[in-house]
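Hi,

Here is the structure I promised to pass on. Have a look at it first, then read my notes below.

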Amino acid sequence: PTDQHPENEILGGVRLESRVVKDTTLDCDFKEDANGNIVIVCNLGGVDPYYEPNFPPKIMVEVVGRGPNRRPIYFPQSMILLTVDRQGKATGTLQMGKFADKAVDIFALFTGTKFLSGATTGFYPIDGYRLYFPKIAK
């Protein structure tokens, strides 16, 4: 038809999609073991009923240093991925090794899935390996 509106034309360039996802929470305990490594126990709330056993959610844990103006310096080599079980629990150990004298903070991050929103613990200070217990953060 000749009276077609411009919004019916394909203009190209960008495609926007949206979806509603279930809200999640991430709560992790970081504790030093006898060897100076960090034992991590995380609970990801809101996993059920969207848990996919073939593609279980992953939680990334990494230590961070600080540069000028307290800007974070990330150490990707310190990163570990924890696999979340059906109950939302994930555990692991981060080997401090060469990061022991550089790391000042630690954080955990769940980036989300097509059904679950992302969540993070935020940065928590490492004070000579004595770690503060994190609270749930969004």
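A contact here means heavy atoms within 4.5 Å. With that cut-off, among contacts between residues at least 6 apart in sequence, 58% join residues at least 24 apart.

Before you dig in, some ground rules. This is a predicted model, so local features need pLDDT of at least 70 and side-chain atom pairs count only at pLDDT 80 or more, while totals for chains, interfaces and linings use all residues. Residues are numbered from 1 along each chain as its sequence is written, and side-chain values use heavy atoms, with hydrogens and water left out.

On to the fold. The protein has 0 helices and 10 strands (DSSP runs numbered from the N terminus: H or I of at least four residues for helices, E of at least two for strands). Buried residues make up 34% of its 138 residues; buried means under 20% relative accessible area, with a 1.4 Å probe and protein chains only. The accessible surface is about 9200 Å², and 52% of that belongs to carbon and sulfur atoms (Shrake-Rupley method, 1.4 Å probe).

Now the inside. The largest nonpolar core has 28 residues, and I40, I59, V61 and V63 touch the most other members. By nonpolar core I mean a set of buried Ala, Val, Leu, Ile, Met, Phe, Trp, Tyr and Cys residues joined through side-chain atoms within 4.5 Å. Strand 2 gives the most to this core, with 4 residues.

Setting aside residues up to four places away in sequence, V63 touches F75, S78, L94, M96, F99, A103, D105, I106 and I126.

Last, the cysteines. There is 1 disulfide in the structure (a pair of cysteine sulfur atoms within 2.5 Å). C28 and C42 form it, with their sulfur atoms 2.1 Å apart. C28 lies in strand 1 (residues 25–32) and C42 in strand 2 (residues 38–45), so the pair ties together parts that are 14 residues apart in sequence. The torsion about their S-S bond is about 110°, so the disulfide is right-handed. Both C28 and C42 are buried.

Cheers

Terms used:
Buried < 20%, exposed > 50% of the residue type's maximum accessible area, 1.4 Å probe, protein only.
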